[in-house]
Structure formats: C-alpha cells, structure tokens
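Here's a quick walk through a two-chain model, written for someone who likes to know the cut-offs behind each term. Have a look at the sequence and coordinates first.

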Amino acid sequence: MNKIMVDNLKFSYNNHEENKYVLKDINISILKGEFVSIIGSSGCGKTTLLNLLAGIIFPLEGSITIDGEPVVGTGSNRGVVFQHYSLFPWMNVKQNIVFGIKQVERTRGKDYIEKLAEKYLELVGLKYCCSMYPKHMSNGMQQRVAIARAFAMNPEILLLDEPFSALDVKNRVILQDLLLQLWESENAKKTIVLVTHDIDEAIFLSDRIIVLSERGRIEKDFKIDFNRPRNRKELMRSQKCFELRNDLVSILDNSNSLGI
Amino acid sequence: MKKIVKHINIALVLIFLCQLLPTKRDAESSLPLLIFVLILYGYYLMQLRFNKNKTRIRTTKDVITILYYILTLWELATSKLDIIDKVLYPTPSVIIKLLIQELPEFFKGFISSFQILLIGYIFALIIAVPLALLIGWKERLYNAISPYTKVLGPIPPIVYVPYIVAIMPTFRTASIFVIFVGVFWPVFTLTLHGIFNIDKKIIDSAKVLNVSEKTMLLEIIFPAILPSIIRGSSMGLSSSFGILTAAEMIGARSGLGFYVKYFSDFLDYPKVIVGIIYIGIAVTGATLLFKKVEDRLLRWRV
C-alpha cells in the first residue's frame, strides 16, 4: 500500500523560470513502513524535496499525497528531524520532548506526557540529561533528543534531513544503530524518508535508495534487499554491498559531470 | 617586607600623613574621612582573608587604592591647603557625614522615584511587547503602522516633559506617562526587530511540530525574541531613569532629582553632591538587579 505519492512534481524558488527548477519531473511512491533514502550531492534539491514532504513549502506543479490526501501544510502524521536546530534552545531536554508530545496528545494529562517523555529519553540513553539545555550538549546528544522527540510524537511518517551529517564517525554509527533499533522495535513500522549524502549510511539503513541528479531529477531508484536486522560489519564486507557502493559512486560522479 | 609595601598601604599612610598638616577650614573634623578609609581597609582585609579568588582580591585592592588617591588629593585641595572655593567644593569628610545623615531622605526620594519608574515601566512593557508581537506577526498591520513608529520612535522622550507636565492633572501621572513613552519605544522597536531577525530554522522546527498559531506566538516566538525584549527593556530602564530625574527637577515635590534641584536652589552644594552620589548608587543597584533577572530568564543562553 502506498503511503506517500509524489506525482510529476516541479519546484522552483523563483516562480516559473523554466531553467531554474530545483526539482523537476519527480515521481515517487513510497510504501507504508518503507525506509527510503534520498541521496545526491549538495545542491541537488534533496532537502527541498524533504521540506515539500514536510509541508513547509509547496510544489509549483504536480502534487504530493499522503494516504491519498494532498499535503496542504505540516501535519501531525509527519515528524521531522533537521540537521541542526530541531530543539528549542530555551527549553531543557525534557521540556523539548514534552512540548512535542503536547502538540499531538492535546487531551492527555501532564503525568502521562511526562512519563512518555522520560520513557523515550531512557530509550536513547539520555535520561540523566532531562534538565540540561541544548547549548550544553554535544551535537550527537542533541540529535538523540531530536530523535527521541520524533519517536515520542509517534508520527506515521518520519522525515530525516541529514540528521547525522554533523556528527563524528563514532557517534554517527551509534545513532544509525539507535535509529534502526527504535524503528524495528515498533509493531506498526513508521515510514521513513532519510535525506543523506553518505552512501554507506543509505545502504545500511534503507530498503530503497533514490538518487537525485544535480539538475533535480530522479537519476535512479535502487532496491536494497539485505535481510533485517542487519549486521553492519557483515553487510559492509559483502560483495553485494561493494557492488552497490560502486554503482552509487559512479552514478553520483556521472550526474555531477552532467550537471556542470 | 615587600608584602607590607603595597600600593594600598602607601595610599593609606598618605591619607594619614595628610592629617599632620593643619586644617585650614576650621570646625570641620577629618574624622569621618578617616573612619571611612579604615572601613574600606577592613573590607579589603576581609577579602584577603576569606575570598579564594585571587583576581577578585586584586581588583578590590586596586579599586580601593584609586579611591584612596582621589580622597587624598581631595582632602589636600579642600581641608588642608584650601586652594579651591569653600562653597562649591566641600571636604570629603562633610560629604561622607552627609551620606549617612541624609540616608532617610535618600530612601524617601528613592521610593518616590522608583514607584513612578516602576509603574510607567511595567505599563510600557505590558503594552509594548504584545503589541509588537502582534504587529510583527501580521505583515499588513506592520506596513500600516511602521511610518508612525519611524517618526515617533526617535523623538527624545525628554522633549515631551514640559507639555505633558502641563496637560496632566498631577506631576505623578505626568512622570508616569513620560516614563511610559521613554520605555515604550526601545522595547517596542527591539521586539519588532527581534521578530524580523528570528532564525527561520526555529520557525520551521516549530512548524513541523504542527503547532497552533497561538502556541507559535506565545511559546516559540516570544521566548525566541526574549533576548531582544530584555535588551530593549534594559535600554529603557537606564534612559527612563534619566528622564525621570530630569522631570523631577522641573516640577516634582519629591524624588531624587527633586532633592538635587532643591538644594542647589539654596546653594547647598554638599547636599547636591550627595544627591548625585545617591542617584549613582540607585541606578547601579537597579542595573545590577536587572542583570540578575536577565541572567535568570536567559540562563539557556550561557
């Protein structure tokens, strides 16, 4: 069953200048519970595509539908984690999560919401940081909190905009594992769209990889059918992964030279 | 040996050496000055004994040393050598004595001034902040209002004083109104400025949480621009105190500005100087208090 449908989408920041389309002829259908990565070099419009899905900006032509309903703005069925700054600096860690939950659970009591916030903080291993302000935390810790908030709000769709790209290698690996663990632990799996420029990250995490070219078109759509749960070391050493990575690198290289 | 020959000790000894000179202004004892100097020295010794922070101790020492030298020169010029005018330049001892004697008057003036200040200030905050939030958020409203703010905002509030004193029934209401005007504009313009410079990422982060418009204004935009609001408020605080004391010199029957003006009319310059020092203390105290509130409200920024 299709969760997200993107149909003949065109987008431009300055209206209708033919050669200034950021995205052009985008057609994507994403299944319910699917983990899809959108990959491409910087400036290819992948973040723009994610913002369109989030409902912060709107398509110039074409349409985006979720469960058959057109997207007309932000919605509680979608959660977003940005690369930076998903957290509000004047709220401490717990307040940030509580604030998020409050926006979706408007009728629930304070106790319920606080318990839920604590539960998710514990899941990401940050329960001891409840009263810390984002400014006093490392990037990695902040992203953990942002992920905890996104899961605590329990949206059907999770949109991740390069959430790990500001982290060091060790933290990146830890957070990727954490993301998979949270995602796989749920019975009704969330549909995840991840924007990244990290090829290994895309291979390890996703069911599908969509490659965007520099001109804002879909270059290729890969199926990644490694069994889950995945073992990072085994997967990365396998021949299949090696070939996949080579394919992706050459496609990205190609689209680069065409784009210039 | 070197430990004793410190600058502060030399300065202290100098003041006492001055006392060997005969006093040229009779009937004025130098005792208050000496007591004051010794109290300061005692404070320094306490710091030396109990404060662990080396820089703090050194700063205290340097500040007191400078004060000692100023007092020495002052004492020499007035009481000992009498080279400057008697009426215009009182001795340090006279001023120190008056500072204590006039404390009740100071408190009366302080309370009178700060009551007016606080009422006008709070009124200005309650009206300026929500108004700026609303106008900053609604583009059409902003476009309609901004020509007025551009013209009215830069008018120095002090020029309203004579007119407002004339049209208001009492001096008190007039002062409150002047303070209101003086605080309103910096708070209003800086709040607006804050809204226009708010980080778009914050707005986007809030949008994707699907917040209502009311939540967006009250729980996102307001705290996000709180630093700007506080900056405007602190600008308003110091400028409005200036306006108030100036206004008090024109028409009041109480307050710190009135105190200074009243005694200068009688050529009682020692009390004028004391009044000026009091105003300095009051402003410093208010600013320190404000800083405490600011640190508390913006602790997430540190």
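What follows goes from the numbering to the domains, the sheet, a helix pair and the chain contact.

## Ground rules

Residues count from 1 along each chain as its sequence is written, while chains are lettered from A and ligands numbered from 1 in the order in which they are written. This is a predicted model, so local features need pLDDT of at least 70 and side-chain atom pairs count only at pLDDT 80 or more, whereas totals for chains, interfaces and linings use all residues.

## Domains of chain A

Chain A is split into domain 1 (2-77 + 156-259) and domain 2 (88-154); such bounds come from an automatic or database domain assignment. Taken over C-alpha atoms, the centres of these two domains of chain A are 25 Å apart.

Where they touch, eleven residues of domain 1 of chain A contact eleven of domain 2 of chain A (a contact means C-beta atoms, placed from the backbone, within 7 Å). Helix α5 (residues 169-185) of chain A gives the largest share of the domain 1 side, five residues. That side has nine nonpolar, two polar and no charged residues. For the classes, Ala, Val, Leu, Ile, Met, Phe, Trp, Tyr, Cys and Pro are nonpolar, Asp, Glu, Lys and Arg charged, and the others, Gly among them, polar.

## The sheet in chain A

Four strands of chain A make an open antiparallel sheet, ordered β2-β1-β4-β5. Helices (H or I, at least four residues) and strands (E, at least two) are DSSP runs numbered from the N terminus, and two strands pair if DSSP finds at least two bridges between them. At the edges sit β2 (23-31) and β5 (69-70) of chain A, each pairing on one side only.

Strand β1 (residues 2-11) of chain A runs antiparallel to β2(A), with six bridges joining them. Follow A:Ile4 across and you land on its bridge partner in β2(A), A:Ile30.

## A helix pair in chain B

In chain B, the axes of α10 (residues 213-251) and α11 (residues 256-265) come within 7 Å and cross at roughly 45°. Axes are lines fitted to C-alpha atoms, for helices over the stretch in contact, with angles from 0 to 180 degrees between N-to-C directions. α10(B) and α11(B) are therefore oblique to each other (under 35 degrees is roughly parallel, over 145 roughly antiparallel, 65 to 115 roughly perpendicular, the rest oblique).

Residues meeting here include B:Leu244 and B:Met249 in α10(B), and B:Phe258 and B:Val260 in α11(B). By class, this contact has seven nonpolar, two polar and two charged residues.

## Where the chains meet

Chain A brings 17 residues to the contact and chain B twelve. The chain A side has nine nonpolar, seven polar and one charged residues.

Methods: Two residues are in contact if their C-beta atoms, placed from the backbone, lie within 7 Å.
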